[in-house]
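Welcome! Take a moment to look over the sequence and the 3D view, and then let us walk through them together.

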Amino acid sequence: MRTKIAIIGAGPAGLMLAHLLQREGIDAVILESRDRDYIEGRVRAGVLEQTTVNLLERLGLGGRMGREGLIHTGTKLAIDGEIFRIDIQELTGGSTVMVYGQQEVMRDLFDDAAERGIKIIFNAAEVRPREVAGSRPYVTWRENGTERRLDCDFIAGCDGFHGVSRGCIPKTVLKTFERVYPFGWLGILADVPPANHELIYANHERGFALASMRSATRSRYYIQCAVDENLADWPDERFWDEVARRLGPETAAHVVRGPSFEKSIAPLRSSVTEPMRHGKLFLAGDAAHIVPPTGAKGLNLAVADVIFLAEALTDFYQSGSASGIDHYSARALARVWKAERFSWWFTSITHRFPEMDGFARKMQVAELNYMRGSRAAQTMLAENYVGLPLQ
Ligand code: FAD
Ligand code: DHB
């Protein structure tokens, strides 16, 4: 088999890249180790930046999102139960965010990929990028026990944090910058109406809490927990009691309790690997970087990477210029680092850290109170939240 771009991974990065390339008439094949049901079943991100929304609309993929997604013009912060609002739309000159789950985005991307004949090989085992530093790269995998091979011009490693692509860059070249946080997020989904029509990011003495949603009838709540927390120790009632306490009485009065149908713990990590290109291999999305979820940047960063990568590849095939390809890593990383900063900062002012003393907690409270009264500080949050420009 031969194609121009071999894409490893059919998550948001890989699938979105395939759509972008398909629109430009550039041949691509996706190799994915799982099946569609598994990918669509993974409960992950919930908030789309304006940039991501614009891209989905531009690709003609915004139909269901437009009908079922919730446009949010503001977001809320709480300090020990006291809430204030940040008017994102007003502060950014009209941008908003969209509450539309990653599962829904994936469903729309897969449905449209099937109609457009985008080639995806599911259940590909032992996928290996080969000869990435040479002039004839290829990818091998096993399908029903048989070894297969895909020759290509370039390989896009969109295989997430635990994928194989990043490991193909020699250790002498690859640099990793990392921070692992001493806590995780315990999240639940329940078919109950949200406590508030907007998201509430809460800093509480007992730890962070987030009131989010998927629709007017489906709520998503998170609480900060220990990394080694045992899910069995968190029956629904205990979760509801704790989230209500951290959100504070004003919000708790509106928390509608109900049985959770999903409950999981996600660890928090900041990580960036540089460069995002080595020879014929490009990394995009979680394969190259991870952010803590505070601020909902993970999925959106993956989308921005593949916008840059698709532009570079299109330029290469249409004009023969390699300049876009050569600048991909630096261009993507410049934006990645800003999103890393935002996610790290938002995490640092909202979570309880084990080593925190009275002074550190006072600093968090002072920073949040400063935000409450400062248009400049609120603008910083708002412009990051809707997504920084794609420069
Ligand atoms: P992924 O979504 O990880 O996709 C990679 C794909 O590659 C997968 O389909 C995988 O099966 C496939 N793959 C992996 N290895 C191989 C291989 N060797 N061969 C072939 N295929 C392979 N972000 C937010 O903004 N908000 C959130 O609330 C949030 N919650 C999250 C919770 C969890 C548990 C996790 C793991 C992530 C969460 N994220 C969240 C982050 C967000 O979901 C990711 O940033 C986003 O999915 C990145 O997309 P991606 O395509 O780069 O990687
Ligand atoms: C959600 C997740 C986030 O990380 C965030 O900042 C906002 C919302 C969510 O899953 O709904």
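**Around the two ligands**

Let us begin with Ser 212, where a polar atom of the side chain sits 2.6 Å from an oxygen atom of ligand 2. Keep in mind as you look that this is a predicted model. Arg 214 also reaches ligand 2 through its side chain, with a polar atom 2.7 Å from an oxygen atom of the ligand. Pro 293 takes part through its backbone instead: a polar atom there is 2.6 Å from a ligand 2 oxygen. On its own, ligand 2 would expose 290 Å², and the protein buries 97% of that area. Two elements, β15 (209-215) and β16 (218-225), each give two or more residues to the shell around ligand 2, and β15 supplies the largest share, with three residues. In total, 14 residues surround this ligand, and Tyr 201 and Tyr 222 are among the closest.

Tyr 222 leads us on to ligand 1, as an N or O atom of its side chain is 3.3 Å from an oxygen atom of that ligand. Glu 32 places a polar side-chain atom 2.7 Å from an oxygen of ligand 1, while Ala 13 uses a backbone N or O atom, at 2.9 Å from a ligand oxygen. Taken alone, ligand 1 exposes 1,000 Å², of which the protein buries 83%. Here the elements giving two or more residues to the shell are α1 (12-23) and α9 (298-319), and α9 gives the most, with three.

What kinds of residues make up the shell around ligand 1 by class? There are 13 nonpolar, eight polar and seven charged residues.

Methods. Residues numbered from 1 in each chain as written. Chains lettered and ligands numbered in written order. Predicted model: local features only at pLDDT ≥ 70, side-chain atom pairs only at ≥ 80, totals over all residues. Heavy atoms only, no water. Polar contact = N/O pair within 3.5 Å; in protein donor to acceptor, adjacent residues only side chain to side chain. Areas by Shrake-Rupley, 256 points an atom, 1.4 Å probe, with all protein chains shown as cover. Helix = DSSP H or I, 4+ residues; strand = E, 2+ residues; numbered from the N terminus. Nonpolar A, V, L, I, M, F, W, Y, C, P; charged D, E, K, R; others polar. Near = heavy atom within 4 Å.
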